[in-house]
Amino acid sequence: MSEPTPATVPAPADTKLSNKELKELKKKEKAAKRAAAKVGSSGSESASTRQKESRDSNGKPPTATHIKKQLNSAKIIESDRKVPTMFGHLETREQRISSSPQIASIVHPKILALTLKISTYKIVGSTARCQAMLEAFKDVISSYQTPDNASLQRNLTSHLSHQIEYLKTGRPLSISMGNAIRWLKQRISIIPIDLSDEVAKKQVIEEIDLYIQEKILYSDKVITQFASTHIQDGSKLLTYGHSEVLKKLFKYCAVEENKSFEIYIIDSKPLFEGKKLARELSAVPNIKCHYNLINSLSTILERSDIDFCFLGAHSMLSNGRLYSRVGTAMIAMASKNKNIPVLVCCESMKFSDKVQLDSVTLNELGDSEDVINTKPFVKTGSNLNQFLISLQSKEPKKPQQQGTKKDKKELQLADNESPVLNNWKELKPLNILNVLYDLTPPEYIQKVITELGALPPSSVPVILREYKTNA
Amino acid sequence: MSSTQKYEVLVDSFISKLKRRQITGSYNVATATCRLLMRVISSSRWSSTEEFINLIRGVGCKLIDAQPREFATGNIVRRVLAIIRDEVSEDSVTQSANNAPYNTSMFQLLSTTHTTKPQGTQATKQPNQDLRSVVIQGIRELIDEIASVHENIELMTVDLIHENEVLLTPTPGSQTVLNFLLKASLKRKFTVLITESYPNDINECHSFAKKLAEMNIETVIIPDSTVFAVMSRVGKVLIGARSVFANGGCVTAAGVATVCECAKEHRTPVFAVAGLYKFSPTYPFDRDSLIEVGNSGKVLPYEDSDLVGKCEVTNPLFDYVVPEHIDIYITNIGGFSPNFIYRIVLDNYKAEDVQLG
Amino acid sequence: MKKDDIEEQKIQAIVLTDSFQTRFMPLTAIRPRCLLPLANVPLIEYTLEFLAQANVSEVYLMCCSHADQVQQYIDDSKWVHPSSPFTKIQTIMSLESRSVGDAMRDVDSRGLITGDFVLVSGDVVTNLDLSKVLATHKQRKAADRDYIATMVLKQASELHRARSHIEPACFILEKGTDKCLYYQDIPPVNGQKTSVNIDPEILQDVAEFDIRNDLIDCHVDICTPQVPTIFQENFDYQALRSDFVKGVLSSDLLKKHIYAYVTGDEYAARVESWQTYDGISQDVLERWCYPIVPERNIIDDQTYTYESKHIYKEQNIRLSQSCKIQSRVVIGNDTFIGDGSKVQASVIGRHCRIGNNVLVENSYIWEGAVIGDGSVIRHSIVAADAVVGANSVLNPGAVIGFGVRIDDNVEIPHDTKIVKEKIRKMDDSLSLSEEEDEEEESDASIVGPNGVGRLYREDVHEDGQYGGMIYQMAQLSVSDTSLASTTVAHQHRRKKRTQSTTSAYLSEEEDEQFDKEAIATVERAMEFNHDIDTALLELNTLRMSMNVTYHEVRVATSTALVKRVDHFIETQTLGAKEAVEKIFRKWSSLFDRQVFDNEDQLDLLIILQTLCSQLDASYNSVVLLWILVVLYDEEIIEEENIYKWWHSEKSKEIGARDRVEKWIEWLQEAESEEE
């Protein structure tokens, strides 16, 4: 899952390490060692992804140590870090990238492409990311060749681990991705030894297909069926951002069930995912779309009699909290206070056995630049960014060519209100916080609708147990 | 006659400026209104205080109609009316004891103009000129008061912020909040979280953050959506009010109501800063009449023809915060609990002027 | 001009109140476009408000068609009050102008312009911050000696609802500087593929450039005083963009530069067709143009207040308990809406009466209109004081003209325009293609037995402009004829006015002088066998410089031609028929640019008749006959008008008719045979 694995945890300059951080680092190292010691033993189900991954990477000693070396050498220059102290424990994108192993040579092109898409937010949403990842894995597996003197069961998992390692440099893995990876590795590990490579690969790919079908597509269908009973003709619904399953739900109700209703889409900076939903839904004749930003939330709730608030999820944690796109908690709270039932639609593959109490401890940091942007932005990949920066630094060498025109351009720019904070990095006390998720307490949530049924948030651990035994 | 016309021209051009939003911001509007009233008073003619008061009321009505969501105009007009009435009642007390009781609001309501008018003309014909200059002097003082609002509020900083505190402010557009924090930074070290207030105040937010950071205050800009996530770490929420109503509720930038709600959920104290001129004697009955709705283009770029016209977009500029979500108001005359505001209002305005129209 | 204040900031503005187009026919036959209400506020107010916001000090309104109405309106408005932000607001009667070019030449000849000025058309709706544009203007002016103008363009997208679908324009801008390199009109949006032809030379020295087909051209230009001068020098420039901008940019001689100012955040658009009328109305209601919103109460006596869901109500409106005002609705004072009626995305004016169970959707109902019970109105316009009976249906695109009465239970088909009275031929813009069959369109078939009104037939090429609201746009070629649109009110007045108010400075001498010069010009042209265009140009220049009406031009031209014919006959070089054939076949096309509508045709006939009657009696009527035949053949004079002329009293007085009579009879016979 998205938690930083020991491999990617930054090693901040030693002098500045707080006790706590030091401890954490030690702990993680220990965990890695322990995992390394366990090499060979077939994966126990309770083992966390993290352990598994490190074990897998240790399955191939030379590479693993190599990577580790690289990681240790990847020291972050502390002054570049512009993260509020409170969130100092989270990893920035720069750190992720600089700590990423230079293993691009063994990374499958599909994964390269996917990583880029994910890091530029071209693919967002845990379901979409998970599905895209599995699709990419299918390609990885089909082009995989077991090297001599290795068994597919072991080598394939380690091969995948490298891919995953690279994938993480884009963005940390989502819970759903973590769950899927865990499942996939488990499936691979129990492939009978006597199967030929081709057959085994075919079998794995089929299983992946099945997983997508079952855990995503069918689940969504079932959830849609369950949830559609809440949407009546003339209902007014509130939703936040963009969620794959909610989109399917709304479309299903409007098209298949021919209900006409109104949707208030709340959106927020910097990703404006809600626009995507608005675009899709405003094309549906039965739906009347409203698009608002999160600052008008109180006005919307006051003025329009919302019947239901539908929320998507990144994950449901085992203590009943909803881990989702930042802002969700606010929506849920405000709705709850206005006595609007809050319904969460969440596939069971997003359930996690983790517990967490507030949004600060575990989260994902986005790029601060995204927030500074006063306008909707187009995200460029980090490599492209680097390239552009290098271009810019080269540029001043040849300005004479267009002399006057350039001047004019600059003049104009200065005129058109240059952003106040374009040099914010130079202002030491100024920080910009861009976390991507927050945690919604279970009190705000009326019920969670999963493909296994609708239940109160307190029943999440029950599902987790059931689901595990079933799997 | 010509003088009457002159003041009408003044008022008319002021009104069109208000409508065109060439004067904006409570502070500017308040001082501009004061100046306008001074000129109106000095250029208009009247024969009785009654007429004088009605004239000012009439101007007040026009101003409020021009920009009903800018409460500062109405407040200032009411303050000026209060000044006039105070003068008149003093005069009438000294001149004839008979007039003394007529100033109580109940009596005013019941008495017919028929009886009061001759009294008025009799009593005030002589001191017209005096009254004029006294009132103008009163308005001057009012302008001074408005100008010194910040200083008085700033005096209280030390009482409210402790060392190493984390503050959150969702109203980076407020000059009062900025001054408050800058002043506080001289005595205390603290961290300020600022919400972006996207889309309407984003530029204000950036310059706000820049000013704070330049004063070496730990400053963090957070997107509006992140408020709930960080609220558990926040010590106090500091908001700037645009206008405060008699019930203790206030109108402020959009999004603040939700922030205050979050604070309430986390038991984080909320305090609001506002100059006295922002206190309005009215009660907020109708949300629609309080909240201005701004440019939809800021929510959704107009170029986006896929969505423009197909999606309904609203961009409220203000929010109404209920009194229960605010712990104290810090004003230039001290700090008050929201349920005490009605007293402050009574002190500064006359009951008969609450409804101008 | 008058004030010698040392204000450097004094900005002048020229407002073109006439659009020189006929897109809003038939409504513009009665009211000029700039006084049509958009969200219950006359369009001109938006423009003036914009100028007021921009601290413009002097405003000149160029009025052509319905000039009296515009003037009346301005005189009654708040803009002339002492509290007005303008130090000067003046209506200029430029009745002769038939295009933007003419108006600009008039501006120049009147010497109104003292410095840089803002040129806007009277139908702009914008919240643009002009000061920023002016600042860029100044910079550019300082930086580029050849700079003459900045056009304000609004970033949108190709098929945006507020972008003209009729004349989408394509701009090529130099990257970085926004210097406009090339401009081209592209055909209307109707699915046709089109191409932009770019001369590679234009782009020779340009590093990078953008080709933009996503801009709204709102016709707000900041111009230097050179602009009117250029118009004066190039008297063939008619339209602002397709002639002036294109001409200046492609001219090797002028070497002037025009820049663009592309605004992203602000709103700017122009009401120039039904489609944009709809789009901009909706934009105003949805507050894209904030702070230009209905509750700003631009007109002083308005009392709009805002309610959530973009509903704007004035005081004193009566809504029944069960009526549903959904969203995006403006309702004016003293309007009543009955039980069970539904209103959505519409504007309803003052003093309207909407009955029970009416559905009004995305429609514009102007002041004083009455809608009967149970009617359904979708995507339509109901002009002021029109009445729609009970249970009638207006299908999308219907335009119900001023004062029309639609009976009960009538269904008005798509894109139908109905007018109260037949717009007499001359009313009806200058479009020559106007079909003139005595369409005794039985009222009943369209508006029902008790209705008042008849179908308005418009030029073929203007069909379905309104369709843009929902349907595909039909093409509307912006031909010369439609550019030069004026209406009857104007035409009638022209002769009176030109001599009195407007061109008071036009003295008799000048008049005579013109005649002489013009006759000489035409004679010269015939003598040396110039091509028609050159002759026309010269005539036009003369007309401009002397400031005379087209009537004078026609007189002069006819005189010259008839003289020439007479000369041939007298010298017996040619027979009457041959002489006329020779001269008129070739040169009658001069009249193409001098005769625009029915009245002009009649005028021309009278002129010719008068001239002929002065010739030798032995052949004068023969000459007239052959002239008529030629003019008829060349389609300069329509049959209708020949009859009209023939039967007119004036013609009977003049004489020289005897030989013509036969031909007229023949014509009439031929026609009846045809039928």
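In which loop of chain A is A:Leu436 found? In this predicted model, A:Leu436 sits in the loop between strand S8 (430-432) and strand S9 (437-440) of chain A. The residue is buried, because 23 other C-beta atoms lie within 10 Å and 20 or more are enough to count as buried. Leaving aside neighbours within four places in sequence, A:Leu436 is in contact with A:Arg325, A:Val326, A:Asn363, A:Glu364 and A:Gly366. A:Leu436 and A:Arg182 are 254 residues apart along the chain, and their C-alpha atoms are separated by 24 Å.

S9(A) pairs with strand S6 (residues 322-325) of chain A. The pairing is antiparallel and has 4 bridges. Within it, A:Arg325 stands opposite A:Tyr437. A:Arg325 is also one of the contacts of A:Leu436.

A parallel pairing occurs elsewhere in chain A. Strand S1 (residues 236-240) of chain A is joined to S2(A) by 5 bridges, and the two run parallel. A:Leu237 has A:Ile263 in S2(A) as its bridge partner. Strand S2 (residues 261-267) of chain A has 7 residues, and 5 of them are buried, so the strand is largely enclosed by the rest of the structure.

Chain A as a whole has 17 helices and 11 strands. Of its 471 residues, 43% are buried. Among contacts between residues at least 6 apart in sequence, 80% join residues at least 24 apart.

The nonpolar cores were then considered. The largest nonpolar core has 322 residues. The residues with the most contacts inside it are A:Val344, A:Cys345, C:Met62 and C:Ile400. Helix H4 (residues 71-95) of chain B gives this core its largest share, 10 residues. A second, separate core has 48 residues. Among its members are C:Leu539, C:Ile583, C:Leu631 and C:Ile636. Within the largest core, A:Cys345 is one of the residues with the most contacts. Not counting residues up to four places away in sequence, A:Cys345 touches A:Ile223, A:Ala227, A:Ser243, A:Val245, A:Leu246, A:Leu249, A:Phe310, A:Gly312 and A:Ile449.

Chain B has an average pLDDT of 85. In this chain, 88% of the residues score at least 70. Over residues 96-104 of chain B, pLDDT stays under 50, and the model has 12 contacts beyond four places in sequence for them. Over residues 111-125 of chain B, pLDDT also stays under 50, and the model has 22 such contacts.

An open sheet of 3 strands was found in chain B. The strand order is S5-S6-S9, with antiparallel pairing. Strand S5 (243-244) and strand S9 (318-321) of chain B stand at the edges. Each has a single partner strand, so one side of each is left without a neighbour in the sheet. Strand S6 (residues 250-253) of chain B pairs with S9(B) over 4 bridges in the antiparallel sense. B:Val251 has B:Tyr320 in S9(B) as its bridge partner. Helix H13 (residues 256-265) of chain B lies across S6 and S9 of chain B. The helix runs at about 35° to S9(B).

A further strand of chain B, S11 (residues 334-336), holds B:Gly335. B:Gly335 counts as partly exposed, because it has 16 C-beta neighbours inside 10 Å. Its contacts beyond four places in sequence are B:Met156, B:Ile328, B:Tyr329 and B:Ile330. B:Gly335 and B:Val273 are 62 residues apart in sequence, yet their C-alpha atoms are 8.9 Å apart in space.

Chains B and C also meet. Here 25 residues of chain C are in contact with 19 residues of chain B. On the chain C side, helix H1 (43-53) and strand S15 (305-307) each supply at least two residues. By class, this side of chain C has 10 nonpolar, 9 polar and 6 charged residues.

How values were computed: Residues numbered from 1 in each chain as written. Chains lettered and ligands numbered in written order. Predicted model: local features only at pLDDT ≥ 70, side-chain atom pairs only at ≥ 80, totals over all residues. pLDDT = per-residue confidence, 0-100. Contact = placed C-beta atoms within 7 Å. Pairing = 2+ DSSP bridges. Axes fitted to C-alpha atoms, helices over the stretch in contact; angles between N-to-C directions. Core = buried A, V, L, I, M, F, W, Y, C linked by C-beta atoms within 7 Å. Buried ≥ 20, exposed ≤ 12 C-beta atoms within 10 Å, placed from the backbone. Nonpolar A, V, L, I, M, F, W, Y, C, P; charged D, E, K, R; others polar.
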